[in-house]
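I opened the notebook on this structure with two topics in mind. I wanted to look up the aromatic pairs and the nonpolar cores.

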Amino acid sequence: MSSWYNLFPRYPWLSIYIWVIFCVLPFFFIFRTSEPLNIAIGIVMVFLFLLCYRFSFKSQSGLVYMWLAFEMAINIGLTLLFGYVYLALFTAFFIGNIRRPVGFFIMYGIHIALTIGAIVAGFFLEIDLFLPQVHFLILTLIGVVLLPFNLYTHNKQEKLEGQLVYAQERISELTVVAERQRIARDLHDTLGQKLSLIGLKSDLVGKLITRDPERAARELQDIRQTASVALNEVRELVSNMRAVRLPEELARVQQVLRAAEIELTVEGEARYAEITPIVENVLSMCLKEAVTNVVKHSFASKCTITFHPVSENFSITVADNGIGLLEGTDALPGNGLNGMRERLDFVNGSLQIQKEQDGGTAMTFNIPSILRNIVKE
């Protein structure tokens with residue numbers, strides 16, 4: 001709630017110029033009176049309101065409700081004295097940013113009641129001042145009612161989406177830990193006994209090689225056979241390891257983009273014939289990281305994933321229509337580009353980043369298809 005100089009609410013659908021008008025307009029109402037004392041009181045009240053509004057954004061404790069109470073009192077004073085009710089929109093905006101449900105609903109109800117009460121009282125005290133602007137007063141009341149609730153639900157949705165992303169990251173981390181533990185357990189069960197046997201027989205061969213060469217030769221044959229069996233079991237274990245498949249990863253990123261309200265277009269097939277598990281795993285991890293960058297940093301509304309036909313490379317492109325990568329962004333540790341490059345370097349792959357014509361970013365990761373033959377051999 002506390003950010004740098006939130007005097008004017010910063011939302012893409014609310015122009016700062018409108019809020020500046022709401023700050024300047026009270027002086028027009030104040031200077032309509034000819035009494036210097038009333039003018040001085042009005043100017044002081046406006047500046048006190050802006051000061052309380054600023055302090056309410058800076059406050060991190062229960063004092064925020066005190067500043068809100070001051071704002072509401074000043075709103076009532078400006079409404080009754082000068083017929084200016086529109087600063088109530090500032091208070092309504094701030095109430096919408098209160099995260100605690102109890103505090104939000106209490107201040108929301110109080111603010112609506114006081115605003116309506118002040119307007120009704122103004123009609124009784126000086127109807128000529130309020131009647132000409134009755135249509136603006138109705139629009140203000142609608143804003144006071146709808147603006148806080150819309151902001152509250154928007155902030156709540158953002159919080160839930162953040163929790164969902166964090167939960168997904170934690171699930172991914174726990175899945176990796178569980179997979180590592182399973183691999184370690186399988187390797188221990190598969191190799192532990194056989195390596196111990198090979199070690200004991202090697203010691204025995206060292207003792208028998210001069211005393212009983214024939215028996216030493218038989219023991220060496222047993223060692224070779226045991227090593228061969230262990231090698232076959234390791235190969236079987238590796239072939240059964242759970243690899244991240246491209247169709248599975250594509251389904252996951254579709255869910256992520258749908259949750260982020262980003263339109264997705266998929267071109268090509270997410271299946272490559274004769275692709276090795278390690279290459280497919282690297283491509284899947286890079287696809288996941290690229291889509292994560294789109295969701296977190298691009299502010300895009302559209303994303304296109306292209307699976308290029310196999311020629312000399314297995315190649316995938318992730319493009320968006322967002323704000324693009326700023327200069328030096330690819331050197332930041334938090335954007336995952338270094339991790340993608342490290343994975344691709346492991347399989348002699350490469351990462352290409354270019355700016356799109358619409359200002360977005362296109363990431364293409366390539367892995368030589370010749371690796372399939374090397375791995376098979």
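Predicted model: local features only at pLDDT ≥ 70, side-chain atom pairs only at ≥ 80, totals over all residues.

My count of aromatic pairs came to 10. I then looked at F104 and F105. Their ring centres lie 5.0 Å apart and their planes stand at 75°, so I logged the pair as edge-to-face, the class for planes over 60 degrees apart.

Next I checked burial. F104 has a relative accessible area of 0%, so I noted F104 as buried. F105 comes out at 44% and is partly exposed.

I followed F105 to another partner, Y152. The two ring centres are 5.8 Å apart with planes at 65°, so this pair is edge-to-face as well. I looked up where the partners sit. F105 is in helix α5 and Y152 is in helix α7, 47 residues apart, so I marked the pair as a link between distant parts of the chain. Y152 counts as buried, at 9% relative accessibility.

Then I turned to the cores. The largest nonpolar core holds 41 residues. Which members touch the most others? I found L78, F94, I95 and I98. I listed the elements that give two or more residues to this core: α1 (16-30), α2 (36-58), α3 (63-82), α4 (88-96), α5 (101-125), α6 (127-130) and α7 (134-211). The most comes from α2, with 8 residues. I also recorded a second, separate core of 31 residues, including Y272, I305, L344 and M363.

How values were computed
Residues numbered from 1 in each chain as written. Heavy atoms only, no water. Core = buried A, V, L, I, M, F, W, Y, C linked by side-chain atoms within 4.5 Å. Buried < 20%, exposed > 50% of the residue type's maximum accessible area, 1.4 Å probe, protein only. Helix = DSSP H or I, 4+ residues; strand = E, 2+ residues; numbered from the N terminus. Phe/Tyr/Trp six-rings, centres within 6.5 Å; stacked < 30°, edge-to-face > 60°.
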